[in-house]
Amino acid sequence: MNATLSAGAPAAAASPTSSSSAPCPAVPAVVRVTMALSGALLAGVLTSFGQAVPALSSVANSAGPWFLVAVALCIGAGVRAGRFALPLAMALGVVLLELMHVGYWATTNLRGYPDSLSLTNPWVLLGIPAGLLAGAVAVSVRSRDARWRAGAFGVTAAILIGEGVRALLQVVATTGPVTWVVEIVVGVLLLAVGVGTARSSVGRVVGLGTGVVGTVGVLGAYLLLGG
């Protein structure tokens with residue numbers, strides 16, 4: 001018995017039709033999109049619980065991480081470059097961010113803390129332009145054009161740096177500086193990656209310009225809204 005198994009093993013291992021070499025089936029688009037939508041709801045749920053944890057409260061109260069999650073979920077949904085990819089991804093970005101709001105709202109109320117969800121809620125309104133940007137970044141970061149990729153990194157960096165600087169100016173006394181310094185550092189690193197990986201001087205200018213101008217815009221918007 002043992003001799004028979006030993007003798008047959010090499011032949012089985014050498015077989016070109018071994019199941020280990022079979023390609024993995026592609027995940028259907030509807031499954032990827034469903035997972036992204038579910039992930040958005042889960043992000044909202046976790047945000048509500050995260051606000052009750054002292055070490056996570058500042059992160060859970062910031063918008064930058066939500067933007068990163070929306071971009072990641074858009075990419076996970078399988079957005080690609082193409083004629084219709086950009087508008088579809090931008091629409092998906094808005095849906096994802098609003099689903100995060102729904103998950104947060106539902107969980108917060110179930111935990112016994114009144115929270116409203118309406119079209120006049122500033123964060124709900126901001127979810128529209130932020131979602132459009134998240135979808136555009138998800139498509140652009142996978143573009144073959146280095147200028148679009150650099151711009152995508154610049155936009156993401158601007159959101160993180162702008163929010164971090166605003167927090168250091170307005171809320172650091174109640175939250176501490178650690179979260180915001182980390183957010184700024186991550187933003188600077190993303191900007192450096194965008195500029196450093198651009199293969200042309202135009203791409204580097206696009207990345208740096210988008211990051212700098214975007215940071216000023218995000219900071220100005222925060223200060224204007226007073227939020």
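Reader: In which helix is the place of Gln170?

Author: Gln170 sits in helix α7, where a helix is a DSSP run of H or I with at least four residues, a strand a run of E with at least two, and both are numbered from the N terminus. Bear in mind that this is a predicted model, where local features need pLDDT of at least 70, side-chain atom pairs count only at pLDDT 80 or more, and totals for chains, interfaces and linings use all residues. Residues are numbered from 1 along each chain as its sequence is written, and side-chain values use heavy atoms, with hydrogens and water left out.

Reader: What makes Gln170 buried, partly exposed or exposed?

Author: Its relative accessibility is 37%. The cut-offs are under 20% relative accessible area for buried, over 50% for exposed and partly exposed in between, using a 1.4 Å probe and protein chains only. So Gln170 counts as partly exposed.

Reader: Why do Ser58 and Gly196 get the labels they do?

Author: Ser58 is in helix α3 (residues 57-60), and its 9% relative accessibility is why Ser58 counts as buried. Beyond neighbours within four places in sequence, Ser58 is in contact with Thr175, Thr179 and Trp180. Gly196 lies in helix α9, and its relative accessible area of 61% is why Gly196 counts as exposed. From Gly196 to Gly207, eleven residues apart along the chain, the C-alpha separation is 9.1 Å.

Reader: How do you know how α7 and α9 run relative to each other?

Author: By the crossing angle. Helix α7 (residues 146-170) and helix α9 (residues 178-197) have axes that come within 8 Å and cross at roughly 160°. Those axes are lines fitted to C-alpha atoms, for helices over the stretch in contact, with angles from 0 to 180 degrees between N-to-C directions. Under 35 degrees counts as roughly parallel, over 145 as roughly antiparallel, 65 to 115 as roughly perpendicular and the rest as oblique. α7 and α9 are therefore roughly antiparallel to each other.

Reader: Which hand does the crossing of α7 and α9 have, and which residues meet there?

Author: The crossing of α7 and α9 is left-handed: the near helix is turned anticlockwise from the far one by less than a right angle, while clockwise would be right-handed. Among the residues that meet are Phe153, Leu160, Ile161 and Leu168 in α7 and Trp180, Ile184, Leu190 and Leu191 in α9. This contact of α7 with α9 has 15 nonpolar, five polar and two charged residues. Ala, Val, Leu, Ile, Met, Phe, Trp, Tyr, Cys and Pro count as nonpolar, Asp, Glu, Lys and Arg as charged, and the others, Gly among them, as polar.

Reader: What makes α4 parallel, antiparallel, perpendicular or oblique to α6?

Author: Helix α4 (residues 64-76) and α6 have axes that come within 8 Å and cross at roughly 45°. That angle makes α4 oblique to α6. The crossing of α4 and α6 is right-handed. Phe67, Ala70, Val71, Cys74 and Ile75 in α4 meet Ala130, Leu133, Ala134, Gly135, Val137 and Ala138 in α6. The residues of the contact of α4 with α6 comprise ten nonpolar, one polar and no charged.

Reader: At what angle do α6 and α7 pack?

Author: Helix α6 (residues 122-140) packs on α7 at about 140°, with the axes 8 Å apart. α6 passes α7 in a left-handed crossing. Leu133, Val137 and Ser140 in α6 meet Trp148, Arg149, Ala152, Val155 and Thr156 in α7. By class, the contact of α6 with α7 has five nonpolar, two polar and one charged residues.

Reader: How many helices and strands does the chain have?

Author: Ten helices and zero strands. Of the chain's 227 residues, 36% count as buried. Among contacts between residues at least 6 apart in sequence, 72% join residues at least 24 apart.

Methods: Contact = heavy atoms within 4.5 Å.
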